[in-house]
Amino acid sequence: MSQETIPEPGVTGGAGRSAGPLDEVDRRILDKLVRDGRISIRTLAEKVHVSRTNAYARVERLLRDGVITGFRAQVAPEPAGLGTSAYIALTIQQNTWREVSAELARVRYIEHAALLGGEHDVLALVRAPDNATLRDVVLGRVQSISGVLSTRTWLVFEEFDGAQSPWE
C-alpha cells in the first residue's frame, strides 16, 4: 500500500492548503512533533504505532509537501530577556501590504505579523526587553513605515498556549 495520501475529489492545492488530506497517522505524527521536535524517528514510530520506515517516509513527505516547514526551539520570552509583549494593530493604505510587510519583517522585536480582514489590516506581535523599547518599536519604527496610517497597541499581561493540539 502506498504511503502517499490520495487527494479527495474537488480538493486541490493552493494558498493555505496542503498537497493532500492528512490521515490519522499523519495527524498523530504532527501532534508528537509539535510537542517534541527533537523526538527520534524510532521513538516517533513507536508512539504512533508504525514502522520506522513508514514514520521516516511520512515525515519526509510532510516536509516535501510543505506541511512541516521546519524545526526550532520554543523560547520563553521573559527568561530570555523579552519581558514586554504587545500586539500592534495597523491600519495601512490600500495596496501597500507587500511594502509594509517587507518593512515589518526588518523591524527587530516583531515576532509575527499577519494580514487581516476586519477593522484593522495587520496584526503584529512584538516582544521587547522593556516598555521603552516597545515605545521605540511602535513610535519610531512601525509608525514611520510608508503606508502605515495608524496603529493601536495592546499590552500583553499574561499568555498561554492552548492545551488541545489541532493534530490530535
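The second largest pocket is lined by Val34, Arg35, Gln74, Asp161, Gly162, Ala163, Gln164, Ser165 and Pro166, where a pocket is, on a 1 Å grid over the protein atoms alone, an open set of points where a 1.4 Å probe fits, with protein on both sides within 12 Å along at least five of seven lines, and lining residues have an atom within 4 Å of a point. The model is predicted, local features need pLDDT of at least 70 and side-chain atom pairs count only at pLDDT 80 or more, whereas totals for chains, interfaces and linings use all residues. Residues are numbered from 1 along each chain as its sequence is written, and side-chain values use heavy atoms, with hydrogens and water left out.

The volume of the second largest pocket is about 220 Å³, a volume being the space filled by probe spheres set on the grid points, which are joined across faces, edges and corners. Its lining comprises three nonpolar, four polar and two charged residues (Ala, Val, Leu, Ile, Met, Phe, Trp, Tyr, Cys and Pro count as nonpolar, Asp, Glu, Lys and Arg as charged, and the others, Gly among them, as polar). The largest pocket holds about 1300 Å³ of space and is lined by 30 residues, of which Val34, Arg72, Ala73, Gln74 and Asp161 lie nearest its centre. Helix H1, strand E2 (110–115) and strand E3 (122–128) are the elements that give two or more residues to this lining (helices, H or I with at least four residues, and strands, E with at least two, are DSSP runs numbered from the N terminus). By class, the lining of the largest pocket has 17 nonpolar, five polar and eight charged residues.

Two packed helices are described by the angle between their axes and the distance between the axes. Helix H1 (residues 24–35) packs against helix H2 (residues 41–48) at an angle of about 130 degrees, with the axes 10 Å apart (axes are lines fitted to C-alpha atoms, for helices over the stretch in contact, and angles run from 0 to 180 degrees between N-to-C directions). H1 and H2 are therefore oblique to each other (angles under 35 degrees count as roughly parallel, over 145 as roughly antiparallel, 65 to 115 as roughly perpendicular and the rest as oblique). Arg28, Ile29, Lys32 and Leu33 of H1 make the contact with Leu44, Lys47 and Val48 of H2, contact meaning heavy atoms within 4.5 Å.

Between H2 and helix H3 (residues 52–64) the angle is about 105 degrees and the axes are 8 Å apart, which makes H2 roughly perpendicular to H3. Here Ile41, Arg42, Leu44 and Ala45 in H2 meet Arg52, Ala55, Tyr56 and Val59 in H3. H1 and H3 pack at an angle of about 80 degrees, with their axes 11 Å apart, which makes H1 roughly perpendicular to H3.
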